[in-house]
Amino acid sequence: MEPILEVKDLTMDFGGLRALDHLDLEIDRGEIAALIGPNGAGKTTFFNCITGIYIPTRGDVVISPPGKKRERINGLKPNHVTERGMARTFQNIRLFPSMTVLENVMIGRHCRTRSGIAGAVFRGPGTREEEQAVVDKSYEILEKMGLSRFVNELARNLPYGAQRRLEIARAMATEPFLILLDEPAAGMNPQETYELDQLILRIRDEEGISLLLIEHDMQLVMSLSDRIFVMDYGKKIAQGTPEEIKNNPVVIKAYLGEEIDA
Amino acid sequence: MKIQDIKESFFIAAWFILLTFPIMVIQVNPIENIIEWRWWNLILVGAGSFMLSFVWRYLMNRKAGQKRKESEDAEDIPLTQRLLRNPRFFVPALIVLGVFVFAFPFLFSAYQINIMTTALIYVVLGLGLNIVVGLAGLLDLGYVAFYAVGAYSYALLNHHFGLGFWTVLPVGAFMGAMFGVLLGFPVLRLRGDYLAIVTLGFGEIIRLILENWNAFSFGPSGIANIPRPGFFGVDFSLEASSRYLYFLMIAMALFTIFVVNRLQNSRIGRAWIALREDEIACQAMGIDKTKTKLTAFALGATWAGMVGVMFAAKTTFINPASFTFLESAIILSIVVLGGMGSIVGVIIGALVLILLPEYLRAFSEYRMLLFGAIMVIMMVFRPQGIISGVRRTYQFKGKGDKAVKTRETVKQPAPTTDHS
Ligand SMILES: Nc1ncnc2c1ncn2[C@@H]1O[C@H](COP(=O)(O)OP(=O)(O)OP(=O)(O)O)[C@@H](O)[C@H]1O
Ligand SMILES: [Mg+2]
């Protein structure tokens, strides 16, 4: 398997605080990987660094989108990272609250469409076609995510679990090859978590999108992941299959006394 | 309201005192060869920026509190919107309105027509600013600068080169857009109260340039004898001329409504709204923040530039006094009062705020006081404005079917902007 994301020696300093400490990580094509670690380990910071929201102090982030050439992406703006096929969700849900559910997903199509000011004003056949395609595609994604009954609801009126799924739908609309999920199951009940589990598997199997998720729900992590990376104090302390991680004494030590609830 | 907020506002005030110190406090008196220290200005700048920042923070805090309440009692469509979108009410209303608009200049005196034309100018200004503030969520307090740019474009091009109204109209719009981008660049990184104060400064800079650069703009005495718009070389009587201006302004307003309506339901319009709702998520979804902000500034300013040309042609005389901060404040009030992001709201806002003071001449002394009071009351009781923005909705047939978009229906209000 060829890696689609390679992170080498990634380091992030916030003043005196080293949030990421020489981190190495690789994601293979078609893989569901998980990034776990105690609170404050630097997991979200890792996402922010590879998606261009923070500029890492040092290190390299290299992507190899399927069918495209390898490219170093550190220093790129977030929108350019997304354009290149890496989309994400946020730990503290960041939807566009007063836009409808459909429009939220339509925003995801922005970077895959072209029509500009003139197109908007004259609304020629090209623009109309593109607009219709955006609507169709967005609706299709909502159906896949089981959100089609909410199409015209405002995002902020959605139940919590649906909001989390809408974030994933929005990310999918950007046609990514890799989706980064930051605690997708946080605040979900067991039923919703189970559905999420199935959904993530479907995204990988049917859409061929690889996923990297940060998650505190160990059951979900163990059942989903092909590979797990464990972080503590900004360092990677272990990586391996769920079996290996479960029995790794270093990991157990890192978690001892720590809370690992969802 | 936390101590923290007061501290930050205080810090901002100190910062602006420092920044404006050289121009606001120090004045060289070349006649007596001394330096005058205008300490009074320092106090004004300090107090002004402190108040602005403080009120801003207060309203933001309030809004945060309100959001929590709002999410609980959501789903009810306001009456105004149900009426607006109900065809049985809407179509006859539109016809009556159309007839009234057409008959107006033949029923009323030239004085009334002039007032209505002015109100229409503000409708267009409001719709333009609505792009920047209502849709993209960028609080611009210097919008009047673009209006001035348009007006002076016509006055100067006509004065020096004899260019006519119809030639300069697109030039004015273009100049507005250019200045929009020009202002957009330096403020790309600013948000909320910082953006507000800097744009306010920009507006004042333009006005001060016009006031002081005599060789260029003829200073405070302004430019007179600006020709009115031509109509195939026909000479109008004064009465007919105001009618003509009125219909021109109606056409311009309709054009603006048409374009703004199309823009707000387009790919770009959605990007503006996404930017207003959540800047980080917006970028993470692949939207170029820089480009989106600049198009908002440019397209907003275009209308001000265009209608500025119209203003110069209407009054036939302009000077910098027509482009004070007060104008920006009025235009912003129109947007806020009418409803950010709502075209109908902005139109109503403009008519109310411009026509009411004209007909309530007795109160004209208290105009500003009234404005202030209305704004505060609106912020507290109806922050989304008279009519709140409506999101377009789509109908889909059948589950799993190919999606079919059929018609627009009514949806819930969009809340006001979030700048911080
Ligand atoms: N913008 C920032 N400025 C300063 N410090 C930061 C910033 N962002 C994160 N940190 C610090 O970096 C460390 C890692 O934070 P991060 O949010 O990445 O943790 P996390 O692993 O996602 O934790 P959690 O499981 O609670 O989400 C923390 O100590 C945090 O305080
Ligand atoms: Mg986190």
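Mentor: This is a predicted model, and we will set its computed values against the cut-offs behind the words.

Trainee: What makes Thr44(A) and Gln91(A) ligands of the magnesium ion (ligand 2)?

Mentor: A donor must be an N, O or S atom within 2.8 Å of this metal. OG1 of Thr44(A) and OE1 of Gln91(A) coordinate the magnesium ion at 1.9 to 2.1 Å, so both meet the cut-off. Water is not among the atoms, so the site may look incomplete.

Trainee: Why is the pair Thr44(A) and Gln91(A) said to tie parts together?

Mentor: Thr44(A) belongs to helix H1 (residues 43-50) of chain A, while Gln91(A) sits in the loop between strand S6 (86-88) and helix H3 (101-108) of chain A. The parts are 47 residues apart in sequence, so the pair ties them together.

Trainee: Which residues touch Thr44(A), neighbours within four places in sequence aside?

Mentor: Thr44(A) is in contact with Gln91(A), Asp182(A) and Ile214(A). Contact here requires heavy atoms within 4.5 Å. The C-alpha atoms of Thr44(A) and Ile214(A) are 7.9 Å apart, although 170 residues separate the two in sequence.

Trainee: How do you know that Glu71(A) and Arg84(A) form a salt bridge?

Mentor: The rule asks for a side-chain nitrogen of Lys or Arg within 4 Å of a carboxyl oxygen of Asp or Glu. For Glu71(A) and Arg84(A) the N to O distance is 2.9 Å, so the pair qualifies. Glu71(A) lies in strand S5 (residues 71-72) of chain A, and Arg84(A) in the loop between helix H2 (78-83) and S6 of chain A, 13 residues apart. By the rule, the count over all chains comes to 25 salt bridges.

Trainee: What about Glu243(A) and Lys246(A)?

Mentor: Their closest N and O atoms are 3.6 Å apart, so this pair is also within the 4 Å limit. Both residues lie in helix H9 (residues 242-246) of chain A, and being 3 residues apart they are separated by about one helical turn. Glu243(A) is partly exposed at 48%, and Lys246(A) is partly exposed at 44%.

Trainee: Where do the partners Glu279(B) and Lys289(B) lie?

Mentor: Glu279(B) is in helix H12 (residues 279-284) of chain B and Lys289(B) in helix H13 (residues 289-315) of chain B, so the pair ties together parts 10 residues apart in sequence. The closest N and O atoms of this salt bridge are 3.1 Å apart.

Trainee: Is Glu279(B) buried or exposed?

Mentor: Glu279(B) has a relative accessible area of 11%. Buried means under 20%, so Glu279(B) counts as buried.

Trainee: What makes a set of residues a nonpolar core?

Mentor: The residues must be buried, of the listed nonpolar kinds, and joined through side-chain atoms within 4.5 Å. The largest core here has 107 residues, and those with the most contacts inside it are Leu125(B), Tyr147(B), Phe165(B), Trp272(B) and Val307(B). Helix H5 (residues 110-135) of chain B gives the largest share of this core, 16 residues. Another core, of 40 residues, lies apart from it and includes Phe150(A), Ala155(A), Leu181(A) and Ile203(A).

Trainee: Which residues does Val307(B) touch?

Mentor: Beyond residues up to four places away in sequence, Val307(B) touches Ile121(B), Val124(B), Leu125(B), Tyr147(B), Met249(B) and Met252(B).

Trainee: Why is Ile95(B) called exposed?

Mentor: Exposed means over 50%, and Ile95(B) is at 53% relative accessibility, so the word applies. Ile95(B) is found in helix H4 (residues 87-107) of chain B. Together with Phe89(B), Phe90(B), Val91(B), Leu94(B), Leu97(B) and Val99(B), Ile95(B) forms a nonpolar surface patch with about 650 Å² of accessible area.

Trainee: How many helices and strands does chain B have?

Mentor: Chain B has 16 helices and 2 strands. Of its 420 residues, 50% count as buried.

Conventions. Residues are numbered from 1 along each chain as its sequence is written. Chains are lettered from A and ligands numbered from 1 in the order in which they are written. This is a predicted model: local features need pLDDT of at least 70, side-chain atom pairs count only at pLDDT 80 or more; totals for chains, interfaces and linings use all residues. Side-chain values use heavy atoms; hydrogens and water are left out. Buried means under 20% relative accessible area, exposed over 50%, partly exposed in between (1.4 Å probe, protein chains only). Helices (H or I, at least four residues) and strands (E, at least two) are DSSP runs, numbered from the N terminus. Donors are N, O and S atoms within 2.8 Å of the metal (3.2 Å for Na, K and Ca); water is not among the atoms, so sites may look incomplete. Patches are made of residues with over 30% relative accessible area and no salt bridge: like charges are joined within 9 Å, nonpolar side chains (Val, Leu, Ile, Met, Phe, Trp, Tyr) within 5 Å. Accessible areas come from the Shrake-Rupley method with a 1.4 Å probe; for residues, only the protein chains shown count as cover.
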